[in-house]
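These are my notes from one pass through the structure. I wrote down what I looked up and what came back.

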Amino acid sequence: MSQRAKTEGHGEASLETKDRSGPEIVRPQLDGAFPEHIAIIMDGNGRWAQEKGKRRIFGHREGIDSVRETTTTCARMGVKSLTLYAFSVENWKRPRPEVRYLMRLLRLFLVGERKTLMDNDVRLRGIGRLDDLPEPALDELRSTEKLTSGNNGMLLRLALSYGSRAELADAVRDVAYDVKAGRLDPASIDEETLRSYLYDPTTPDPDLLIRTAGEMRLSNFLLWQVSYSELYVSEVCWPEFREQELVRAIEAYAARVRKYGALPDKPAAAQANGAVKG
Ligand code: FPP
């Protein structure tokens, strides 16, 4: 256990002995399907803070409360995977003090939320160009991944130094290396081959993609994986995104009919009962 973990009060040793039963699953009443994987573009921290006459970093700090509430609420509803866009490859271009603050916040989150993750049976995983992270943040990420790896509940993925184009470029480079080394026959490459080279190929694609703060953009987030995700844009800025708004997004999802390019004739409620499958 690191000295930092000790002093911040959520040391690993005490967490490892916890009862692994996880939270009781309580779902909202829905007329349609429940999203197994939710992905969120957490936007509007800076605007929210500036509207209050505060510095942008205040919005990032308050955003941690939304991360915690969204994580625990999703875990308690039985969401299987939650993917949060915490830092993009493009975010490195922000002013240095803001980047430094975000990296510090990440480290504090990874240490300070260990107890919450363990209590809610959540597994944590980073996705992205993780080697770009400052060493102290990467170390805490690896420690929290390791600590939570035996949990059986929800998978929380933090997209860090993540960009879809970077992910695809990284995948294609690895494909090229394997072809060159004779490990992969170019004629055999199909969609599933390419998927297997993505950062986290085993997690199913998001069912629902939520973006906060009203912008209608994908911002280089999971472009491959959201091909058939349902989109929901919330007007609420991330620091104010709470359970009620999350449930609103899940209800909107439940009312959708997913077609995957085909022509199902069943309403959303019938899909929820397994009558229509993608
Ligand atoms: C977008 O808001 C948000 C980010 C770039 C970072 C998201 C970070 C957090 C929610 C806090 C840290 C999270 C973890 C998991 C440690 P913005 O600053 O682009 O807002 P704006 O569009 O109003 O400027």
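Which residue stands opposite Val-233 in β6? I looked it up and found Arg-211.

**Ground rules.** I am working with a predicted model, in which local features need pLDDT of at least 70, side-chain atom pairs count only at pLDDT 80 or more, and totals for chains, interfaces and linings use all residues. Residue numbers start from 1 along each chain as its sequence is written.

**Overall.** I counted 11 helices and six strands in the protein. Helices (H or I, at least four residues) and strands (E, at least two) are DSSP runs, numbered from the N terminus. The protein has 278 residues, of which 36% count as buried. A residue is buried if 20 or more other C-beta atoms lie within 10 Å of its own, exposed if 12 or fewer, and partly exposed in between, with C-beta atoms placed from the backbone. I then took the contacts between residues at least 6 apart in sequence, and 75% of them join residues at least 24 apart. Contact here requires C-beta atoms, placed from the backbone, within 7 Å.

**The sheet.** I traced the six strands into an open sheet with the order β3-β4-β2-β1-β5-β6 and parallel pairing. Its edge strands are β3 (123–127) and β6 (230–233), each pairing on one side only. I got an average twist of 20° from one strand to the next. Two strands pair if DSSP finds at least two bridges between them. Axes are lines fitted to C-alpha atoms, for helices over the stretch in contact, and angles run from 0 to 180 degrees between N-to-C directions.

**Pairs inside the sheet.** I find five bridges between β1 (residues 37–41) and β2 (residues 81–88), in the parallel sense. Ile-38 has Leu-82 of β2 opposite. Helix α4 (residues 56–77) lies across β1, β2 and β4 (155–162), and I read its angle to β2 as about 160°.

Ile-127 has Ala-159 as its bridge partner in β4. On β3, Leu-124 and Gly-126 make the covered face, while Arg-123, Arg-125 and Ile-127 make the uncovered one. I also checked the handedness of the unit formed by β3, helix α7 (residues 135–148) and β4, and the β-α-β unit is left-handed. A crossover is right-handed if, with the strands pointing away from the viewer, the path from the first strand over the helix to the second runs clockwise.

Four bridges join β6 to β5, and the two strands run parallel.

**Loop between β5 and β6.** Ala-213 counts as buried because 21 C-beta neighbours lie inside 10 Å. Ser-219 is in the loop too, with phi near 50°. With 14 C-beta neighbours inside 10 Å, Ser-219 counts as partly exposed.

Asn-220 also sits between β5 (208–211) and β6. Asn-220 has 17 C-beta neighbours inside 10 Å and so counts as partly exposed. Leaving out residues up to four places away in sequence, I list its contacts as Ser-88, Glu-90, Gly-163, Ser-164 and Arg-165. From Asn-220 to Val-89 I get 9.2 Å, C-alpha to C-alpha, across 131 residues of sequence.

**Around the ligand.** What comes nearest to the ligand? Of the 19 residues around it, I find Asn-45, Gly-46, Arg-47, Gly-63 and Phe-109 nearest. A residue is near a molecule if its C-beta atom, placed from the backbone, lies within 6 Å of it. Two or more residues of the shell come from each of α3 (45–51), α4, β2 and α5 (96–112). Helix α4 gives the most, five residues. I sorted the shell into 10 nonpolar, six polar and three charged residues. Ala, Val, Leu, Ile, Met, Phe, Trp, Tyr, Cys and Pro count as nonpolar, Asp, Glu, Lys and Arg as charged, and the others, Gly among them, as polar.

**Last entry.** I placed Arg-55 in the loop between α3 and α4. Arg-55 counts as partly exposed, since 15 C-beta neighbours lie inside 10 Å.

Terms used
Contact = placed C-beta atoms within 7 Å.
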